[in-house]
Amino acid sequence: MELKAKVLVVGGGAIGGLFAWRLSLCRNVIVSVVCRSNYQAVAEHGYLINSAQFGTAIYRPKGLYKSVSEAAMYGGPFDYVIVALKALPNIYDSSEVIAPAVSDSTMVVLFQNGISIEDPYVKRFPTTPIASSVSFISVKQTAPGELRHGGFSLLAAGMHNKPTPSNTDKLRFLLDAFESQGVSSLFETDIQPYRWQKHILNGSTNPVSVVCGGSSCQEMVNNDYCCKLLEELMAEIFVLGKKVTGKSFPGVDGIVDPQTATDYIKSIPVPVYTSMLVDSQCKRPMERDVILKNPIELAEKHGVDVPHMKALYALLTMIEEGYSK
């Protein structure tokens, strides 16, 4: 009898839903998903997926749950817990959310944006292997349970702690499963340069789009003053990331400096609106801590000046406080 790996995806939004779908196509993987706001839509209709890379599909998870506790009770134990929740440490602790599903045999795999996201998991689960992953992908949930994906998907991952041969093999198994279903997957002994690489765009366009009051990424880079602001902010990210990691960035999408980053944005043919902007417009909490606060704290630790990050963080905290007015 063939043994199957059991995977729980916590956070069934755009990223979680799409990657759960790709994993579910592997014959040696059993995938369960925890959904929150879109649970009813997915339970009734499944995920309705329109992907330029993979085509159209309806994906009905074999295990669909409203909570992690319910998943652990009826679907566990799990070999992998993939965390695809928004990283909002100022609102809740994601490590606490997943705790009911983490057993002695579980590897936690983080599919979250931002910097220093791994720390709460290492603190809560000191004996658990934690893998950190970075996804380069364009996917959005246009309505509850309806996903629209572009023509590209790249996943880079590595062990954040406990890089033993058995843990490395376990992570490679998961990456091989993704690779077999068309998701380009890289194993990296040090994943942090990839995390900072993604942060060049995430850490700049997200906060600036909110302060701009609703502009697309293309509108921002086509305004000379805003483009200059973005490039100066990106320069802070490049300097800080290299100082923290001691390494150069991998240059995904040809982005090797602020100029190539803004040129890349200009080359995208359709308007791109950041997730932080959408959250702000809906008066939802923004990922401001992992996007700005954590890098600011690292900058202070490493003696790097980041005035643009500090200014934007102050403005975002005021914008969030204004939600209740």
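In these legends, contact means heavy atoms within 4.5 Å. The model is a predicted one, where local features need pLDDT of at least 70 and side-chain atom pairs count only at pLDDT 80 or more, while totals for chains, interfaces and linings use all residues. Residues are numbered from 1 along each chain as its sequence is written, and side-chain values use heavy atoms, with hydrogens and water left out.

**View 1. Asn167 sits in helix α6, residues 165-180.** Helices (H or I, at least four residues) and strands (E, at least two) are DSSP runs, numbered from the N terminus. Asn167 is buried, with a relative accessible area of 13%; buried means under 20%, exposed over 50% and partly exposed in between (1.4 Å probe, protein chains only). Setting aside neighbours within four places in sequence, Asn167 is in contact with Met107, Pro129, Met159 and Lys162. Its side chain also makes a polar contact with the side chain of Thr164, at 3.1 Å. A polar contact is a pair of N or O atoms within 3.5 Å; within protein, one must be able to donate a hydrogen and the other to accept it, and residues adjacent in sequence count only if both atoms are side-chain atoms.

**View 2. Val108 has its place in strand β7.** This valine is buried, at 0% relative accessible area. If you skip the neighbours within four places in sequence, the residues in contact with Val108 include Val81, Val83, Ile98, Tyr121 and Ile130. Look along the chain to Gln192, 84 residues apart from Val108, and the two C-alpha atoms are separated by 17 Å.

**View 3. Arg195 belongs to helix α7.** With 3% relative accessibility, Arg195 counts as buried. A polar atom of its side chain lies 3.0 Å from the backbone oxygen of Gly114. Not counting residues up to four places away in sequence, Arg195 touches a set of residues including Leu110, Gln112, Asn113, Glu118 and Ser132.

**View 4. Helix α7 (residues 192-211) meets helix α10 (residues 258-267), with axes that come within 11 Å and cross at roughly 75°.** Axes here are lines fitted to C-alpha atoms, for helices over the stretch in contact, and angles run from 0 to 180 degrees between N-to-C directions. The helices α7 and α10 are therefore roughly perpendicular to each other, a label for angles of 65 to 115 degrees. On the α7 side, Ile200, Leu201 and Thr205 make the contact, and on the α10 side, Ala261, Tyr264 and Ile265 do.

**View 5. Helix α9 (residues 224-245) has 22 residues.** From first C-alpha to last, α9 reaches 31 Å, close to the 32 Å expected at 1.5 Å a residue; the expected span is 1.5 Å times one less than the number of residues. Asn223 caps the N-terminal end of α9, with a side-chain oxygen 3.0 Å from the backbone nitrogen of Tyr225. Among the buried residues of α9 are Cys226, Leu230, Glu236 and Phe238. What covers the buried residues includes α7, α10 and α12. Gly246 follows α9 and has a positive phi, near 75°.

**View 6. A cis peptide bond joins Gly76 and Pro77, with omega about -5°.** Pro77 is found in the loop between α3 (68-75) and β6 (80-83).

Conventions: Angles under 35 degrees count as roughly parallel, over 145 as roughly antiparallel, 65 to 115 as roughly perpendicular and the rest as oblique.
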